[in-house]
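Thanks for asking me to look this one over.

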Amino acid sequence: MKKLILAMMLIIPMGLAAQSKSFDDLFAKYEGTEGFLCMNLAGDMLKSMQVSEDTEEILKGISSMALIVAEKSTEEFRKDLKATVKKGDYKSIMSLDAEGSKVELFVAKKDAGKGNDEEKEMLLLVSGSDGTDVAINMIGKGDPAKIMESVDF
């Protein structure tokens, strides 16, 4: 089912607004590269997805999302992720290591003082124990703690 949803999202053209320049650069570099899946998802598309109630609660506050999935990550991609965090001026707000995987959630420093009901830019990085890396850039309202809770290992 997840593969079907992902395939549908690839077919439907979607706009993306207000992602950071540093993430845009990373996205542009890997878009169309073999072994990488790059997707832009508009808020309307996110709201129309059939997901669990917990995930639906998180997604309803997101106005746009872009993601990059590296099927088998490389040192270059990991260096590029670190450079994106630095260049994008992100602040680490949560980190979790479990079962050989690492999850980090960042918020743009310009948005760090904003509450859960204010729009902000967040970057979620997941390094899986299977060698897969995922970078998700989100613009929207939401509770970072709930986002971290939703990550399934």
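**Notes on the predicted model**

1. Let me start with a caution. Over residues 1-18 the pLDDT stays under 50, and for this stretch the model has 25 contacts beyond four places in sequence. Since this is a predicted model, please keep a general rule in mind: where pLDDT is low, the coordinates should not be read in detail.

2. How does confidence look across the rest? The protein chain averages a pLDDT of 77, and 76% of the residues score at least 70. Among its elements, helix α1 (residues 2-11) has the lowest mean pLDDT, 39, while α5 has the highest, 92.

3. For orientation, the protein chain has 6 helices and 6 strands. Along the sequence they follow the pattern α-α-β-α-α-β-α-β-β-β-β-α. Buried residues make up 42% of the 153 residues in the chain. If you take the contacts with a separation of 6 or more, 62% of them join residues 24 or more positions apart.

4. The largest nonpolar core has 18 residues, and F23, I68 and F77 touch the most other members. At least two residues of this core come from each of α2 (21-30), β1 (36-42), β2 (62-70), α5, β4 and β5. The largest share, 4 residues, is supplied by α2. Apart from this core lies another one, of 16 residues, including L67, L124, V134 and M138.

5. F77 deserves a look on your screen. Leaving out residues up to four places away in sequence, F77 touches L26, Y30, F36, I68, A70 and D133. I68, one of these partners, is also named with F77 and F23 as touching the most other members of the largest core.

6. Is A135 buried or exposed? A135 has 0% relative accessibility, and the cut-off for buried is under 20%, so A135 counts as buried. A135 lies in strand β6 (residues 133-140). Its contacts, not counting residues up to four places away in sequence, are F23, A66, L67, I68, L81, L124 and L125. One of them, L124, is 11 residues from A135 in sequence, with 5.8 Å between the two C-alpha atoms.

7. S22 lies in helix α2 and is buried, with a relative accessible area of 5%. Which residues does S22 touch, not counting those up to four places away in sequence? They are T84, K87, G88 and Y90. S22 and K86 are 64 residues apart in sequence, yet their C-alpha atoms are 8.9 Å apart in space.

8. Of the 13 residues that line it, R78, L81, K82, E104 and S127 are the closest to its centre. At least two lining residues come from each of α5 (75-87), β4 (101-108) and β5 (120-127), and α5 gives the largest share, with 6 residues. By class, the lining holds 6 nonpolar, 1 polar and 6 charged residues.

Key. Residues numbered from 1 in each chain as written. Predicted model: local features only at pLDDT ≥ 70, side-chain atom pairs only at ≥ 80, totals over all residues. Heavy atoms only, no water. 1 Å grid on protein atoms, 1.4 Å probe; cavity = no way out; pocket = protein on both sides within 12 Å on 5 of 7 lines; lining within 4 Å. Nonpolar A, V, L, I, M, F, W, Y, C, P; charged D, E, K, R; others polar. pLDDT = per-residue confidence, 0-100. Contact = heavy atoms within 4.5 Å. Core = buried A, V, L, I, M, F, W, Y, C linked by side-chain atoms within 4.5 Å. Buried < 20%, exposed > 50% of the residue type's maximum accessible area, 1.4 Å probe, protein only.
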